[in-house]
Amino acid sequence: MSEKLRVGILGGTGMVGQRFIALLENHPWFEVTTIAASERSAGKTYKEAVGGRWKMATPMPKKVENLVVMNVNEVEKVASQVDFVFSAVDMTKEEIKRIEEEYAKTETPVVSNNSAHRWTPDVPMVVPEINPEHMKVIDFQRKRLGTTRGFVAVKPNCSIQSYAPVLTAWKEFEPYEVVVTTYQAISGAGKTFKDWPEMVENIIPYIGGEEEKSEREPLRIWGEIKDGVIVPATSPVITCQCIRVPVLNGHTAAVFVKFRKNPDKEQLLEKLVSFKGVPQELGLPSAPKQFIQYLEEDDRPQVNKDIDFENGMGISVGRLREDKVYDWKFVGLSHNTVRGAAGGAVLCTELLKEQGYITAK
């Protein structure tokens, strides 16, 4: 590709915005040329606007340090500078819905990390290995918005990444009842231990809205397009508890599954490790070569050892064993701010480019 597509980051000073900037530093297809944030950051260089709040383990990329932050609410002005935008704005749900559609109506594609549009019927919510065909609903969304190029696409919640891919790999065995408990890192709330000292040596058994997302969003991913909208699947039934734990990055899930068919362990493992999708077939830049790995050791997966598998884009699974009440149980682990947030959105955008939905203006 001779010329990289110009990327804008909406909400670029927050933790997810920072993760976008870090992930895109050396991207072969995309280049961050514009950063937009709140009015209080506008007019400052990115380095000045972020100050001492850079939360990534790697240094702030030199290319963005002196970019002058734009006002995210100056939609036409920001949109004129870019080919598409990533959205990580910190606003109310209604404000996010409004501003993302405003950008789309400037004929600027929006790939969002936010939850606001996840249940808008004609907005695709995609894990590229699972439901790439859902991007086709964009054609119907464009008719509603009156656009030829602009649209909104979203990625799902970070909490489901450690188990929804596993259940997808086992689809032919017909899982019909699932119990999940997630143990979620503090970066999922945009925090570090410095920001949130109350989390040190502590567990909080409540994350607002998270259980509903964890139970419902997989069903939308497994749904199908009918009459121009995504109709969610009705099975399996998922019940979930979500717990905040004193870990910086990495969401772990303990999962129990009932199947209509009766797979043995070898069948389950074979489906896990062989599972791949369109990103692997196309060799997309951010796609993990091995989407799901299985770890045989009794004490794996562990955050400290396994969170960066495939640069944080792979899923780690362990402790698969038969259960006395359910059929099988396992533990899954995913990187919540890479696969579960910015990295997942970047992979969605690579897929959209390959499908022809995102091009240079």
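Visitor: Which residues does Leu272 touch?

Guide: Not counting residues up to four places away in sequence, Leu272 touches Val166, Ala169, Trp170, Ile292, Tyr294 and Val317; contact means heavy atoms within 4.5 Å. This is a predicted model, in which local features need pLDDT of at least 70 and side-chain atom pairs count only at pLDDT 80 or more, while totals for chains, interfaces and linings use all residues. Residues are numbered from 1 along each chain as its sequence is written, and side-chain values use heavy atoms, without hydrogens or water.

Visitor: Which residues have the most contacts inside the largest nonpolar core?

Guide: They are Tyr103, Trp170, Leu272 and Phe330, in a core of 56 residues. A separate, second core of 42 residues includes Phe30, Ile138, Val346 and Leu351. Each is called a core because its members are buried (under 20% relative accessible area, 1.4 Å probe, protein chains only) and are Ala, Val, Leu, Ile, Met, Phe, Trp, Tyr or Cys joined through side-chain atoms within 4.5 Å.

Visitor: Why are strands β4 and β5 said to pair?

Guide: DSSP must find at least two bridges; β4 (residues 84–87) and β5 (residues 110–112) have three, in the parallel sense, and therefore pair. Strands are DSSP E runs of at least two residues, numbered from the N terminus.

Visitor: What makes β3 and β6 edge strands?

Guide: The open, parallel sheet runs β3-β2-β1-β4-β5-β6. β3 (70–71) and β6 (152–154) each have a single partner strand, so one side of each lacks a neighbour in the sheet.

Note on methods
Helix = DSSP H or I, 4+ residues; strand = E, 2+ residues; numbered from the N terminus. Buried < 20%, exposed > 50% of the residue type's maximum accessible area, 1.4 Å probe, protein only.
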